[in-house]
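Biologist: I would like a close look at one part of this model, namely its charged side chains and the way they pair.

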Amino acid sequence: MCGIVGYVGHRDSQSILIEGLKKLEYRGYDSAGIAVYTGKGMEVRKAKGRLAVLEGQLKEKPIAGSVGIGHTRWATHGKPTENNAHPHASGKVAVVHNGIIENYAALRKMLKMQGHTFTSETDTEVLAHLIEAAYDGKLEDAVIDALNLVEGTYGIAVISSKDPDKIVCARKGSPLLIGLGENEYYVASDVAAILQHTRQVVYLDDGEMGVLTKNGYEVLDLNARRIKKGVSRIDWSLDEIEKGGYDHFMLKEIFEQPNTIFETMRGRLVAEEGFSKLGGLNLSKEELLSFDQVVITACGTSWHSALIGEMYIEELARIRTEVEYASEFRYRNPIVNDKTLCVVVSQSGETADTLAAMREAKQRGAKTLGLVNVVGSTIAREDHGGIYLHAGPEIGVASTKAFTSQVIALALLTLKLARLRTMSVLKGREVAEAMLALPQQVQQILEGASEIEKIAERFKNASNFLYLGRGYNFPVALEGALKLKEISYIHAEGYPAAEMKHGPIALIDEEMPVVFVAPHDAVFEKVVSNIQEVKARGGKVICITSQEEPVLDGLIDFELRVPQTVDMLYPVLTVIPLQLLAYYIAVKRGLNVDQPRNLAKSVTVE
Ligand code: G6P
């Protein structure tokens, strides 16, 4: 959620830190700060608000020095103020931290009794004081001593003017990697922060620590024993993390979908056999046949695609499937055993609740499969097998292209499970051929974006929206409502269309826009009755449908057409106009689409 970057080398660190933080701002953006060793001592600069505020201050009064750490924050403990921004310093130690120190209150009390004074309300500040107190000649030893007292999660980077030429970093539950250059090294919570400098990275695992100087790096465990680590190469290009001429990342990512959908199925879909080849599953045919239940766990948008996956697997592979909010799953006593396939859906591969749910399922004997976008992320490294989405970096906080790729990956997985069981080649082929047509069909919808913009203009001042759909399109209604509330701050609810009668119908008046996701699938006629119910109460109906239909005449105020496909694949098409509707409404309300208030792209705290 927050972002960390650090640099040690021969160049000036300030601009490297700021440029790195810019790439991380999507992770958290309520305040930011850097600490740099200047040769004489350590200087810390922090500012409340977006990174631009800090950048402006540093332009006026720069800090020179070639060892530094930086942070962009998403508040957990304490309001977004300058004092609460990281780095936190105690005397001669500065720390940036992602995660939560759970026993910070007890540690703070102990440190206060020892005479330490605190200037922030954060959990992180105790780390700076603990390290300072433990310092006895070597920064890494002090960090080890401090971390041994700490309960909770962390990704940290530390510098000290007492041991000035190094950065010490450590990880437990919050992602961190070391970037390798020529006589210069980087630490970052996300590869985007350092991609312009290096593609060679070493991912730290939980319980590991990095010690970086301009002459080299080493990875240690928390007993100071050296660990040998492999170097990974990052294939993303810089262009992929730039806006590429679009006004916002979100719009760019919406428009990338014809390509990203294709990338998810490329080389995996064997259309003529109606089958999928999934090299990363790490499951034998016997194992795939042995499961008697599937549990899919996820959060947010990924949870919505999971709901679609549940319908796929139950309907086509005939395996009992449950979808669980990761945050709930981990705290109950779910029925999971060695006959369970646990599918974990996550764009980032770092969401704390999703990761914990996966670990829980693993512990209970389930096989775990990660449907993850970020290569090398924690979920991807800890699962038994998986399907990478290959959608490229998603920067906009509101997830768009990851959703459609998740649905595709779930369809691929379903083909695999179903064709091994009862699904015929013919049925498999029908689905596969329809999948292959999707990129072109999505392109067609995107070409009609200006129509959606007009609808956005009409409803930009609405204070409530209702999204309704049935069957495969009920999760799409949920996702449409989530997109709108995330970035436009308009209250929106998604509901199964018929369930509306049991509550939300009370909200409908002549001002209420109601979005129906009603393509011509098996439940179309049923949805038409629900549209009639809304119309009879004066609601304004915006209908996403798929062909001309006389029964809709006079019933709908705005119509958006998507091309026709097989029932199960409509979500990939019907979600596109809803993403665009949310986007245009937010832009017309003058809001920051890529960095909506209070949200973070990657939620690495519970
Ligand atoms: C946050 C993001 C959402 C995302 C959810 C799950 O809430 O703002 O866009 O859907 O986390 O993230 P994941 O990376 O696990 O898919």
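Is E457 buried, partly exposed or exposed, and what is its relative accessibility?

Modeller: Please keep in mind that this is a predicted model. E457 counts as partly exposed, because its relative accessibility of 38% falls between the 20% below which a residue is called buried and the 50% above which a residue is called exposed. The side chain of E457 meets that of K460 in a salt bridge, with 2.8 Å from N to O. In general, side chains of opposite charge can pair when their charged atoms come close.

The structure holds 31 salt bridges, and the chain has 67 positive and 78 negative side chains to draw on. Another of these bridges joins K162 and E132, at 3.7 Å from N to O. K162 sits in the loop between β7 and β8, while E132 belongs to helix α4, so this pair ties together parts that are 30 residues apart in sequence. K162 is partly exposed, with a relative accessible area of 35%, whereas E132, at 19%, is buried.

A further bridge brings together R171 and D206, at 2.7 Å from N to O. Since R171 lies in strand β8 and D206 in the loop between β11 and β12, the pair ties together parts 35 residues apart in sequence. R171 is buried, with a relative accessible area of 1%, but D206 is partly exposed at 32%. Through shared partners, salt bridges join R171, D206, R359 and E382 into one network.

Note on methods
Residues numbered from 1 in each chain as written. Predicted model: local features only at pLDDT ≥ 70, side-chain atom pairs only at ≥ 80, totals over all residues. Heavy atoms only, no water. Lys, Arg positive; Asp, Glu negative; His and termini not counted. Charge placed at Lys NZ, Arg CZ, Asp CG, Glu CD. Salt bridge = Lys/Arg side-chain N within 4 Å of Asp/Glu carboxyl O. Helix = DSSP H or I, 4+ residues; strand = E, 2+ residues; numbered from the N terminus. Buried < 20%, exposed > 50% of the residue type's maximum accessible area, 1.4 Å probe, protein only.
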